[in-house]
Amino acid sequence: MIGIFKQKSPGNIVLLLLFGLFIKVPVFLYPKPIVATNQDGRLYHALVSFLTVPGASNAWISAVVAFVLLYMQALMLNYLVNEYRMTPRQSYLPGMSYLLVTSLLPEWNYLSAPLVSASFIIWMFICLYRLYNVSNARGKVLNIGLIAGISSYIFFPSALFIVCILIGLMILKPFRLNETLLFLMGCLAPYYFYAIYLFLTDQLTLYNLFPHIDVSVPSVKSTIWLAFSTALLGIPFLVGGYYTQVHLRKMLIQVRKNWSILLLYLVLALFVPYINNSETLHAWVLAAAPFAAFHASAYFYAGKWTANVLFFLTVGYILYQQYGTVAWK
């Protein structure tokens, strides 16, 4: 399987879809209704209202939308890694790794505000990587800010990635104050237009415009399955990080910068659940994309036996968790 996805074949798009359906069958076997909490953004509440049919369960709709989002995000991550030459050869390993990584925890497979926001965040980093050595990037920087603002209106804690984008801009190109201001204007644009709506409807207050912000340690129940999932998330990441570091000196300067920004992306994603946290693991899905990129590096560089052992151990664990336990039910 590793050898198949290691090839850049157009047919692998279909194979990736079939692999996703195989590894995520429980999403359709045990669909869960869409639930919007107070921590979710207003755009997500609007999406839930749109998908909810009065008098009918939206569980199946939720499952289909969640799977489509996960598959699209896998393709977007695959494009990001291949387009910017983050591995020596193009492959479908990043997409495969993303579908595997998101299957390690059941919460990452069901529709939620962080899952929807993840699509915009990956898109944001694809646009960011295009700015390397671009002399006039004001329009593109404004667009990135707009994407960041929309993402924060879906899941407000994702606004933390604004810090990552600002640092990424300074890493990829010389600092320009006007571009930074344009980026911040783009971030505030959704709030500006929503403020106009609130003003016209006589509802304009600071509470209605900006969500409540609370910073605290996430309360997550520890289980043996969470420990195993964390181990299978961390071991391939460490292997991929090691091989990336070994081959870093052979990479172009742009690729080195891209990997450093991706690592910063991962670090910030791990802190997002500390903002407006809940007792679920949904918010941690924002870390799945950078984890999957390093996993893909492990599958690409590691020897045949090592890569196959990591792959089949992960798949075997996921299948056992899905069908041998009640974790997904």
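Colleague: Is Arg 256 buried, partly exposed or exposed in this model?

Modeller: This is a predicted model, and in it Arg 256 has its place in helix α13. Buried residues lie under 20% relative accessible area and exposed ones over 50%. Arg 256 has a relative accessibility of 35%, and therefore it counts as partly exposed.

Colleague: How are helix α7 and helix α13 oriented towards each other, roughly parallel or roughly antiparallel?

Modeller: Two packed helices are described by the angle between their axes and the distance between the axes. For α7 (residues 113-129) and α13 (residues 253-271), the axes come within 11 Å and cross at roughly 155°. Angles over 145 degrees count as roughly antiparallel, so the relation of α7 to α13 is roughly antiparallel.

Colleague: How many nonpolar, polar and charged residues does the contact of α7 with α13 have?

Modeller: The crossing of these two helices, α7 and α13, is right-handed. On the α7 side the contact is made by Ile 121, Ile 122, Phe 125, Leu 128 and Tyr 129, while α13 brings Gln 254, Asn 258, Ile 261, Leu 262 and Tyr 265. Sorted by class, the contact of α7 with α13 has no charged residues, 2 polar and 8 nonpolar.

Colleague: Leaving aside neighbours within four places in sequence, what is Phe 161 in contact with?

Modeller: Phe 161 is one of the residues that touch the most other members of the largest nonpolar core. Leaving aside neighbours within four places in sequence, the contacts of Phe 161 are Ile 121, Met 124, Phe 125, Tyr 265, Leu 268, Ala 269, Val 272 and Leu 286.

Colleague: Is α2 roughly parallel or roughly antiparallel to α6?

Modeller: Leu 16, Phe 19, Gly 20 and Ile 23 of α2 meet Gly 95, Met 96, Leu 99 and Leu 100 of α6 in the contact between these helices. The axes of α2 (residues 12-23) and α6 come within 10 Å and cross at roughly 10°. Angles under 35 degrees count as roughly parallel, so α2 stands to α6 as roughly parallel.

Colleague: What is the phi of Asp 202, and is the residue buried or exposed?

Modeller: Most residues other than glycine have a negative phi. Asp 202, in the loop between α10 (177-200) and α11 (206-209), has instead a positive phi near 60°. Because its relative accessible area is 73%, Asp 202 is exposed.

Colleague: Is Asn 82 buried or exposed?

Modeller: Asn 82 is found in helix α5 (residues 59-83), and, leaving aside its neighbours within four places in sequence, it is in contact with Lys 8, Gln 90 and Ser 91. Its relative accessibility is 6%, so Asn 82 counts as buried.

How values were computed
Residues are numbered from 1 along each chain as its sequence is written. This is a predicted model: local features need pLDDT of at least 70, side-chain atom pairs count only at pLDDT 80 or more; totals for chains, interfaces and linings use all residues. Side-chain values use heavy atoms; hydrogens and water are left out. Helices (H or I, at least four residues) and strands (E, at least two) are DSSP runs, numbered from the N terminus. Buried means under 20% relative accessible area, exposed over 50%, partly exposed in between (1.4 Å probe, protein chains only). Contact means heavy atoms within 4.5 Å. Axes are lines fitted to C-alpha atoms, for helices over the stretch in contact, and angles run from 0 to 180 degrees between N-to-C directions. Angles under 35 degrees count as roughly parallel, over 145 as roughly antiparallel, 65 to 115 as roughly perpendicular and the rest as oblique. A crossing is left-handed if the near helix is turned anticlockwise from the far one by less than a right angle, and right-handed if clockwise. Ala, Val, Leu, Ile, Met, Phe, Trp, Tyr, Cys and Pro count as nonpolar, Asp, Glu, Lys and Arg as charged, and the others, Gly among them, as polar. A nonpolar core is a set of buried Ala, Val, Leu, Ile, Met, Phe, Trp, Tyr and Cys residues joined through side-chain atoms within 4.5 Å.
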